[in-house]
Amino acid sequence: MRLFSADDDGRQYRAETTLAEFPSGFRTTKVVLRDSKSAQFEGQAFYRVQGTNTYLLMMEAIGSNGMRCYRSFTAQGLDGQ
C-alpha cells in the first residue's frame with residue numbers, strides 16, 4: 001500500500017506499508033517530487049488510467065497571478081522517482 005501526501009513547500013511524499021501492517025504505520029517515506037512552493041502546492045489526486053500501467057497525478061498550483069490551477073504528471077509505475 002502506498003500513501004501520497006504533500007506539504008505546502010513544493011514536496012510530494014510517498015510512504016509504504018504492507019496490507020498486514022496497515023493501519024499500524026507507514027515506512028520508507030521518500031520525497032518523490034520537488035518543485036517550488038507555488039508550482040506544487042496541495043490538493044493532489046492520483047488516478048490509474050484504466051487498462052494501462054499509467055498513473056496520473058493532478059496537483060494544485062498557484063499561478064504567477066496568484067490564481068490557483070492544476071498541474072498534471074504521469075508515470076508508468078509508483079515505485080520510482
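Which side chain makes a polar contact with the side chain of Arg68? It is that of Glu60, at 2.8 Å. The model is predicted.

## Arg68 in strand β6

Arg68 belongs to strand β6, which covers residues 68-75. Its relative accessible area is 48%. Exposed would need over 50%, so Arg68 counts as partly exposed.

Leaving aside residues up to four places away in sequence, Arg68 touches Phe41, Glu42, Glu60, Ala61 and Ile62. Arg27 is another matter. Arg68 and Arg27 are 41 residues apart in sequence, and their C-alpha atoms are 32 Å apart in space.

## Gln12 in strand β2

Gln12 sits in strand β2. Its relative accessibility is 1%. Buried means under 20%, so Gln12 counts as buried.

The contacts of Gln12 come from several stretches of the sequence, again without residues up to four places away. They include Phe4, Ser5 and Ala6. Lys30, Val31, Val32 and Leu33 are also among them. Gln40, Gln44, Phe46 and Met59 touch Gln12 too.

Phe22 lies in the loop that links β2 (11-16) to β3 (27-34). With 39% relative accessibility, Phe22 is classed as partly exposed.

Phe22 is also part of a nonpolar surface patch.

Conventions. Residues numbered from 1 in each chain as written. Predicted model: local features only at pLDDT ≥ 70, side-chain atom pairs only at ≥ 80, totals over all residues. Heavy atoms only, no water. Patch = residues over 30% accessible without salt bridge, like charges linked within 9 Å, V, L, I, M, F, W, Y side chains within 5 Å. Areas by Shrake-Rupley, 256 points an atom, 1.4 Å probe, with all protein chains shown as cover. Salt bridge = Lys/Arg side-chain N within 4 Å of Asp/Glu carboxyl O. Helix = DSSP H or I, 4+ residues; strand = E, 2+ residues; numbered from the N terminus. Buried < 20%, exposed > 50% of the residue type's maximum accessible area, 1.4 Å probe, protein only. Contact = heavy atoms within 4.5 Å. Polar contact = N/O pair within 3.5 Å; in protein donor to acceptor, adjacent residues only side chain to side chain.
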